[in-house]
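Thanks for asking me to look this one over. My notes are below, in the order I would read them beside the model.

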Amino acid sequence: MLLTNTNLRHLYQAGMVCLIALASAPCYAQATPNEMAPIPLKLPKAAFAGTPKDTPAGTTVDRAPTKPRPIPLAPKGAVNLALGKKVTSSAAPFTGSLALITDGNKEVGDETAVELKPRVQWVQIDLGDISSIYQILVWHYHGQPIVFHSVIVQVSNDPQFIEGVTTLFNNDQTNAAGLGIGKDREYFETNEGKLVETKGIKARYVRLYSKGSTYQDPLNRYTEVEVWGLPATK
Ligand SMILES: [Ca+2]
């Protein structure tokens with residue numbers, strides 16, 4: 001190709017870079033980062049309108065947002081990596097199956113949430129491979145505007161969560177989980193789910209802690225967890 005100014009401009013616009021002094025050298029396409037786009041998130045039906053004006057005693061709940069939450073972003077092609085993936089937990093469920101957490105059903109119902117025993121419990125999702133994670137969404141139980149306690153979200157490549165653990169969210173006000181007092185605020189459960197942005201962190205396992213809620217019983221509940229990101233390339 002004759003390297004006229006017009007051709008050079010076209011090459012740059014196409015993401016191609018050549019060394020002008022070495023016109024015979026091969027041209028390489030620049031590695032362009034994946035374009036970010038809204039994730040195709042489908043929210044479940046809202047079980048109630050708005051959130052209470054008064055925050056429950058003993059919580060650090062943020063006031064209800066006045067604007068709708070922007071749709072979270074991830075690179076084009078991102079999928080819910082958690083869908084259908086295996087879930088383990090700190091103790092056997094009280095009622096329901098751990099598979100409910102990644103079955104894709106986020107609706108409120110009598111049998112759509114798994115119940116775990118009281119006190120601090122965790123659930124853990126195995127994504128199957130180390131993947132780039134951009135957004136995590138958690139629906140504990142959004143049938144009522146309740147507040148779950150000691151919510152912690154971590155990722156690691158170690159299934160035991162001993163080595164290389166990154167904490168992405170922590171609102172544990174009392175260090176109940178023994179992982180340190182969290183600086184994040186507590187929040188009301190809604191049909192939007194709790195969003196945790198993770199900026200492309202690479203990990204295989206996602207672990208979520210909680211210690212009951214302001215609901216009428218001390219159980220821990222999960223309706224769904226979504227982990228949006230790019231599947232590992234082999
Ligand atoms: Ca579910």
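1. **Ground rules.** This is a predicted model, in which local features need pLDDT of at least 70 and side-chain atom pairs count only at pLDDT 80 or more, while totals for chains, interfaces and linings use all residues. Residues are numbered from 1 along each chain as its sequence is written, and side-chain values use heavy atoms, with hydrogens and water left out.

2. **The calcium site.** Which residues coordinate the calcium ion? They are L100 (O), D103 (OD), N105 (O), T223 (O) and E224 (OE), at 2.2 to 2.4 Å. Donors here are N, O and S atoms within 2.8 Å of the metal (3.2 Å for Na, K and Ca); water is not among the atoms, so sites may look incomplete. Along the chain, the donors have the spacing L-x2-D-x1-N-x117-T-E. D103 is in the loop between β6 (87-89) and β7 (114-116) and T223 is in the loop between β12 (220-222) and β13 (224-230), so this pair ties together parts 120 residues apart in sequence. Strands (E, at least two residues) and helices (H or I, at least four) are DSSP runs, numbered from the N terminus.

3. **Burial at that site.** Buried means under 20% relative accessible area, exposed means over 50%, and partly exposed is in between (1.4 Å probe, protein chains only). T223 is buried at 1% relative accessibility, whereas D103, at 40%, is partly exposed.

4. **Strand β13.** Seven of the seven residues of β13 are buried, so the strand is largely enclosed by the rest of the structure. E224, E226, W228 and L230 point one way from it, and V225, V227 and G229 point the other way. Two strands pair if DSSP finds at least two bridges between them. With β13, strand β8 (residues 121-139) pairs in the antiparallel sense over seven bridges, and L137 has E226 as its bridge partner there. Strand β5 (residues 79-80) also pairs with β13 in the antiparallel sense, over two bridges, and V79 stands opposite G229.

5. **E226, a charged residue worth a look.** This residue of β13 is buried at 4% relative accessibility. Its side chain makes a polar contact with the side chain of W228 at 2.9 Å. A polar contact is a pair of N or O atoms within 3.5 Å; within protein, one must be able to donate a hydrogen and the other to accept it, and residues adjacent in sequence count only if both atoms are side-chain atoms. Leaving aside neighbours within four places in sequence, E226 is in contact (heavy atoms within 4.5 Å) with L41, N80, A82, K106, Q135, I136, L137 and W139.

6. **T59.** Where does T59 lie? It is in the loop between β3 (36-38) and β4 (73-75), and at 16% relative accessibility T59 counts as buried. The side chain of T59 reaches the backbone oxygen of P56 at 2.7 Å. Beyond neighbours within four places in sequence, T59 is in contact with V147, H149, E186 and T214.

7. **V153.** Strand β9 (residues 152-156) holds V153, which is buried with a relative accessible area of 1%. V153 and N170 are 17 residues apart in sequence and 6.6 Å apart in space, C-alpha to C-alpha.

8. **Aromatic pairs.** Rings of Phe, Tyr and Trp (its six-membered ring) pair if their centres lie within 6.5 Å; planes under 30 degrees apart count as stacked, over 60 as edge-to-face and the rest as tilted. The count comes to two aromatic pairs. Y141 and Y215 form a tilted pair, 5.5 Å centre to centre with 45° between the planes. Y141 is in the loop between β8 and β9 and Y215 in the loop between β11 (194-210) and β12, so the pair ties together parts 74 residues apart in sequence. Y141 is buried at 14% relative accessibility, as is Y215 at 15%. F169 and Y187 form an edge-to-face pair, 6.3 Å centre to centre with 75° between the planes. F169 lies in strand β10 (residues 166-170) and Y187 in the loop between β10 and β11, so this pair ties together parts 18 residues apart in sequence.

9. **Charges over rings.** A charge sits over a ring if NZ of Lys or CZ of Arg is within 6 Å of the ring centre and within 35 degrees of the ring normal. K194 lies over the face of Y187, at 4.9 Å from the ring centre. The charged end of R207 sits over the ring of W122, 3.7 Å from its centre.
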